[in-house]
Amino acid sequence: MIPGKYRSVSGRAASNVEFKLNKETPSFPGRLLQHDLERNYSSRQGDHINLVSSSMPSFPILQRSSEEKILYSDRLTLERQKLTVCPIIDGEEHLRLLNFQHNFITRIQNISNLQRLIFLDLYDNQIEEISGLSTLRSLRVLLLGKNRIKKISNLENLKSLDVLDLHGNQITKIENVNHLCDLRVLNLARNLLSHVDNLNGLDSLTELNLRHNQITFVRDVDNLPCLQRLFLSFNNISTFESVCCLADSTSLSDITFDGNPIAQESWYKHTILQNMMQLRQLDMKRITEEERRMASVVAKKEEEKKRESHKQSLLKEKKRLIINNVARKWDLQQHRITNIATNQDGKDSDSQDHCQNDGSTISAFPEETGSLDSGLTSALQGLSVTDTHLVEVDGDTLSLYGSGALECLDRNWSVQTAGMVTTVSFTFIEFDEIVQVLPKLKIKFPNSLHLKFKETNLVMLQQFNALAELRRVDQLTVDPQGNPVVNFTLWKYYVLFRLSHFNMQKINGTEVTQNDMIMAERLFGILAHVASSELPQYHLISILGDARKKQFRYLLETKGKKPGIVNEENNDSKRLVGESTNRATLNYTTRDFYNEKLEEIKEKKKFCKMYIEDLVKEATEINMKNEALQKLWPQMFIELVRDAVMEIRNKNSYMKLCLQQITDQK
């Protein structure tokens, strides 16, 4: 028997292992490797060995005494002999164990005649390539740790290999080991591996040491049916997904991840235990049932969070696709408006000028037929035809995308939700369509203080007049995108003047100052006064609301009174009301509303015309009849008198005739 000891770098002593030189022993019992392997032997045979010069100057010849050969007939230790080459070993074909630890050997050679060799230890040398082993078909333990090997190669004939130690080398890739079907222990610690794969065929592997590498992901480990211990400490593994194949391993019972980024995560232990229920030890610590239970609880919570996160991601993606769809339709709509405006140029200038004055735009078009971007088309395939608008309540903000979103104002909003909304954002909606729902907005969301407009075709200052009917506006944000009105230098001052009764605080995120209010009044105050003074009273009353009509009539009534009768309070009231009335004359009418008014006026004109025509016709007929009667009346009167005289000339006959007529009537 050949005694030997295995000691790990971490300081833990492994149990003594005895190797029986018996062909019936298929593998070595016990745990041969836990971390990095080093070797110490109980006896120092090198003290009794002589190396003499040979006919080949580069290779010394090994000579042992007869006593040495008898005492250690099947093993040879050349540890710490300062060897730079393997010596020539003749007459030692019966050797089973050969130890070259802690030398300076650069190449494996001169051992091809040792065909019964089972254990070869070349730990801590300067070997750069695995070679010279093709004849050692009986070799079962090969220890090449702490060398300079860069590639795993030339192991084709070592099919009986049970332990392969290559730790502390410069290997960057696992390769050329798939034929080692009897290999139980593979140590590749302290190399330069960046990933783990190509492990198919290692059907007997029970222990795999990959500590102190640069590994970021692991594959094929689930294809190792006998793997029990896997050491991945001190690598660059940061996610469980990069080692998810471990969850499919049914034999793995001991694993280490300490020293990896993943081990610093709060979910690390629970995730590993939840996905690898067969584990008995994690990071060299035994797993308790309480830890498994806690892992199960945490895993369920994590799964719920994951599902919720996935749901939110889907909703977010759907939102993005809908907004893209709305934006695409909006762009097509604006493009068609431009084409229509171009085609109409010069054909009907009066009509065109009128359209420009009221700032209207066409908001309804048939379905587009143009070609679309292929990526966008595929992304939108999952959306239904109704996904052309979006309504979203996020905190205190109500966001509306697309004209169809305006219909949401007709919903039965809960008091809590409606009261919570303070900001309303309009995107990809014609401003003229927004104007029509402002009364509903005021009622449904009474606490809305901030309005945002983006891609709403705000093209002229008059459109801001429509916002005056809201209850209150503290902030106004008009995005330059899709709103040309912001290119006007004085647009902010006009807003401040027209909506001065709101005491607005911010416009486009900028604080409103007292100087801004004064400048707005100077710029537009006179204009509003002139506009209101030049309007006829009936027209002025028609454009004011009911409350403003009462105020305006109050002003008209007080004009005729003497100055002494009206007290100072009434004078102040008159001044304030007058200022409000001046601003109220700055009105905005949408094109649709204007067209409706035109149609209404046309209908009234048509009705009035027909009514007057009927009256004139009837009056003409009456006059003609009257004239005819005047001409015929003298003759008619004479005939009436004559007939009456003739009838009563014979009184008896006349009475009989009258009685007969009465009888006939009955």
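**Confidence and local features of the predicted model**

The protein has a mean pLDDT of 76, and 74% of its residues reach 70 or more. Confidence is lowest in strand 2 (residues 17–19), at a mean of 33, and highest in strand 11 (residues 185–187), at 95. Helices (H or I, at least four residues) and strands (E, at least two) are DSSP runs, numbered from the N terminus.

The model is predicted: local features need pLDDT of at least 70, side-chain atom pairs count only at pLDDT 80 or more, and totals for chains, interfaces and linings use all residues. Residues are numbered from 1 along each chain as its sequence is written, and side-chain values use heavy atoms, with hydrogens and water left out.

Helix 8 (residues 491–498) is largely enclosed by the rest of the structure, because six of its eight residues are buried. Buried means under 20% relative accessible area, exposed over 50%, and partly exposed in between (1.4 Å probe, protein chains only). The buried residues of helix 8 are Trp491, Tyr494, Val495, Leu496, Phe497 and Arg498.

Asparagine 147, in the loop between strand 9 (141–143) and strand 10 (163–165), is buried, with a relative accessible area of 6%. A polar atom of its side chain lies 3.0 Å from the backbone oxygen of leucine 144. Leaving out residues up to four places away in sequence, asparagine 147 touches Leu122, Tyr123, Asp124, Asn125, Gln126, Ile127, Gly168 and Asn169.

Methionine 636 belongs to helix 13 (residues 591–647) and is partly exposed, with a relative accessible area of 35%.

Most residues other than glycine have a negative phi. Aspartate 283, which is not a glycine, has a positive phi of about 55°; aspartate 283 lies in the loop between strand 17 (281–282) and strand 18 (285–286). Phenylalanine 428 also has a positive phi, near 60°. Phenylalanine 428 is placed in the loop between strand 21 (423–427) and helix 7 (431–444), and is buried, with a relative accessible area of 12%.

How values were computed:
pLDDT = per-residue confidence, 0-100. Polar contact = N/O pair within 3.5 Å; in protein donor to acceptor, adjacent residues only side chain to side chain. Contact = heavy atoms within 4.5 Å.
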